[in-house]
Amino acid sequence: MIRALLIDDEPLARMVVQEYLQGYPQIEVIQECGDGFEGLKAIQQHQPDLIFLDVQMPKINGFEMLELVDDQPAVIFTTAFDEYAIKAFEAHATDYLLKPFSKDRFNKAIEKYLAQAPHTAAPKQESLLETAAASPAQHERIVVKTGTKVKIIPVADVQYLQADDDYVSVFTQEGSYLKNKTMSFFEQTLDPRQFVRVHRSYIVSVQEITRIDPYEKDSHLAILKSGAKIPVSKTGYVKLKQVLGI
């Protein structure tokens, strides 16, 4: 038996999927969820094999929810999302269903899922998130998990980011939060006019800098409003001067 979740804020969309699944008795829907928070809890609780996931949902969207899932199940997207995301789906997702979708199109997605080996799903989802995150719609906030809670950090609240082994620490006035991403990911996705990678281990918000002091050899220190002292490499200093216009 294949255990599945429906995660979509539209009850009618969930009802359509339930109706189409009647032709697949080997797939059991163990829970329906109306938003990403509820979906995340259900995935952690049930460890499903497959989820049907909408992208545009209140609170956190489908991409943000998947970023918080440790062991990702296979995903079939059910979405009316934009053209950019569809290209990402075509390149990496198990499959996607563009609303409104027919029963024939649904059946093709299910058959595609059933034909895939289960172990191929996780790398594809990782690639999907990397591609989708480059969309401008994903640049306004950072979603992190703190224990069992989910926190949404507006990018405007970020003071700086610091490499932390396989994670990145996101520093705000309220404290720091770990995100399972790389520094290169944030360097590519954050607005380069607002955030500068001043060191291999640091990305800093330009708005937070109060002054730049000389340090050892060709390096500098960026002093932030919070009092934090961020090392600035020779290359980082060149980038910083370009952004600051000095």
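User: Is Gln47 buried, partly exposed or exposed?

Analyst: This is a predicted model, in which local features need pLDDT of at least 70, side-chain atom pairs count only at pLDDT 80 or more, and totals for chains, interfaces and linings use all residues. Residues are numbered from 1 along each chain as its sequence is written, and side-chain values use heavy atoms, with hydrogens and water left out. Buried means under 20% relative accessible area, exposed over 50%, and partly exposed in between (1.4 Å probe, protein chains only). Gln47 has 44% relative accessibility, so Gln47 counts as partly exposed.

User: Where does Gln47 lie, and what is its phi?

Analyst: Gln47 lies in the loop between helix 2 (36–46) and strand 3 (50–53). Helices (H or I, at least four residues) and strands (E, at least two) are DSSP runs, numbered from the N terminus. Gln47 is not a glycine, yet its phi is positive, near 50°.

User: Is Lys217 buried or exposed?

Analyst: Lys217 sits in the loop between strand 13 (209–214) and strand 14 (220–224). Its phi is positive, about 50°, although Lys217 is not a glycine. The relative accessibility of Lys217 is 85%, so Lys217 counts as exposed.

User: Which side chain makes a polar contact with the side chain of Asp95?

Analyst: Asp95 belongs to strand 5 (residues 95–98) and is buried, with a relative accessible area of 7%. Leaving out residues up to four places away in sequence, Asp95 touches Val75, Ile76, Phe77, Arg105, Lys108, Ala109 and Lys112 (contact: heavy atoms within 4.5 Å). A polar contact is a pair of N or O atoms within 3.5 Å; within protein, one must be able to donate a hydrogen and the other to accept it, and residues adjacent in sequence count only if both atoms are side-chain atoms. At 2.9 Å, the partner of the Asp95 side chain is the side chain of Arg105.

User: Which residues does a cis peptide bond join?

Analyst: Look at the loop between strand 5 and helix 5 (103–115), where Pro100 is placed. Omega is about -10° at this bond, and the residues joined are Lys99 and Pro100.

User: What is the strand order of the open sheet of five strands?

Analyst: Strands of a sheet pair through backbone hydrogen bonds, either parallel or antiparallel. Two strands count as paired if DSSP finds at least two bridges between them. In this open sheet the pairing is antiparallel, and the order is 10-9-8-12-11.

User: Why is one side of strand 10 and of strand 11 left without a neighbour in the sheet?

Analyst: Strand 10 (175–179) and strand 11 (195–199) stand at the edges, so one side of each has no neighbour in the sheet. The reason is that each has a single partner strand.

User: How many of the residues of the chain count as buried?

Analyst: The chain forms eight helices and 15 strands. Of its 246 residues, the share that counts as buried is 48%.
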